[in-house]
Amino acid sequence: MMRIAYSSGEPAGIGPDIAVLLAQQEWPCEVVVLGDQYVLQDRANQLGLAVSIVPYEASRPPQQWPAGTLIVAHHATTAAVTAGQLDAANGHYVVELLQHAGQGCLTNEFTAVMTGPVHKGVINDAGIPFSGHTEFFAELSQTEQVVMMLATPGLRVALVTTHLPLAQVAEAIKRPLVESVLQIVHDDLQSKFGCTQPAILVCGLNPHAGEQGHLGSEEIEHIEPALRHLQQQGLNVSGPWPADTVFQPHYLENADVVVAMFHDQGLPVLKYRGFGNAVNITLGLPFIRTSVDHGTALDKAGTGDISIGSARYALQTAIEMADLQQRNK
């Protein structure tokens, strides 16, 4: 039986709501919610949903629980929580949840982690430098290179650069980075998704993939050499493709993933296609991490006016990845 951690994220946002709503159905694993049990109970009351909170015990063998049960690894918030109202005093609490989740995966306490939305500004306001889950788990696990990939049914998009200002992207696109990202994508699609020989479409950086150097030299100097070298190693990578044409059924039907050079090159397409039913996956980590594809939605917290399609998909993806990993051991 698998044990999957759910880090409930920013307590004033919809992370606690997601935990309560996910608990309304039975899952084929033990889902452990990391968060404040009183915040979770209060949010359940606001939503008008009955939950039975069971304290988490790491020494207890994982088991399947009936719908309506919340297994909670209690972490107390620093300040009282009001749905929709941020408080920087709880920034350390949010990071504490992530620390438990990541460390638990590294020690095999958890089979995988699914993360709820956090508010980066509040964490930084609390005096903790924080650029995102991806970077946090990379540092925690001492992983030199990780890759952000979002997926929705029928489309996966991975990124060479992530949370980087657009003015700095071109300078970051170097052959070693492109090669390492593509290698990680290839390896994880094999080991975590069961793709025997992943077909990877790679976007160019510039409009029209540089127009043979007339609209930029990054393709010629860095992307194309990286692709040639990886092709020589036996990887099924192709490109660089113009980003404005590669997201078409003609190209995507035989592809396992599209690799975009920067955040807003690839993710708007994926989110247009599958927002609310997409998952964020961190590749390259020594453990499985999935996340919702949306933010804290402070205005929705405690109202019941939310969709948990992305959360359901993120949890289901974590379960499927963990199941494949266990079967391949």
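## Terms and model

Contact here means heavy atoms within 4.5 Å. Angles run from 0 to 180 degrees between N-to-C directions. With those terms, α12 lies across β1, β2 (30-35), β5, β6, β11 and β12. Its direction runs at about 170 degrees to β12.

One caution belongs here. This is a predicted model.

## The sheet

How many strands form the open sheet? Twelve do, and their pairing is mixed. The order is β3-β4-β2-β1-β5-β12-β11-β6-β7-β10-β8-β9. Which strands stand at the edges? They are β3 (52-55) and β9. Each has a single partner strand, so one side of each is left without a neighbour in the sheet. From one strand to the next, the twist averages 30 degrees.

Helix α7 (residues 175-193) packs on this sheet. It touches β6 (147-152), β7 (155-159), β8, β10 (257-260) and β11 (279-283). The direction of α7 makes about 110 degrees with that of β11.

## Strand pairs

Start with β1 (residues 3-7) and β5 (residues 112-115). These two strands pair in the parallel sense over four bridges. Ala5 stands opposite Val113 in β5.

Now turn to β10. Strand β7 runs parallel to β10, and three bridges join them. Ala158 has Val259 in β10 as its bridge partner. Strand β8 also runs parallel to β10, again with three bridges. Here Val202 stands opposite Val259.

Are the faces of β10 covered or open? Both are covered. Val257 and Val259 lie on one side, Val258 and Ala260 on the other, and all are buried.

## Cysteines

How many disulfides does the structure hold? It holds zero. Cys29 is in no disulfide, and the nearest cysteine sulfur, that of Cys105, is 12 Å away. Cys105 is in no disulfide either, with the sulfur of Cys29 as its nearest at 12 Å. A disulfide requires a pair of cysteine sulfur atoms within 2.5 Å.

Are these cysteines buried or exposed? Cys29 has a relative accessible area of 3%, so it is buried. Cys105 counts as buried because its relative accessibility is 6%. The cut-off for buried is under 20%.

Most residues other than glycine have a negative phi, and most peptide bonds are trans. A few places in this model deserve a look.

Which residues does a cis peptide bond join? The bond links Gly239 and Pro240, with omega about 0 degrees. Pro240 sits in strand β9 (residues 236-241).

Gln212 has a positive phi, near 55 degrees, and is not a glycine. Where does Gln212 lie? It is in the loop between β8 (199-203) and α8 (218-232). Its relative accessibility is 67%, so Gln212 counts as exposed.

Ala297 is not a glycine, yet its phi is positive, about 45 degrees. Ala297 also has its place in a loop, between β12 (288-292) and α12 (309-327). Its relative accessible area is 27%, so Ala297 is partly exposed.

Notes. Residues numbered from 1 in each chain as written. Predicted model: local features only at pLDDT ≥ 70, side-chain atom pairs only at ≥ 80, totals over all residues. Heavy atoms only, no water. Buried < 20%, exposed > 50% of the residue type's maximum accessible area, 1.4 Å probe, protein only. Pairing = 2+ DSSP bridges.
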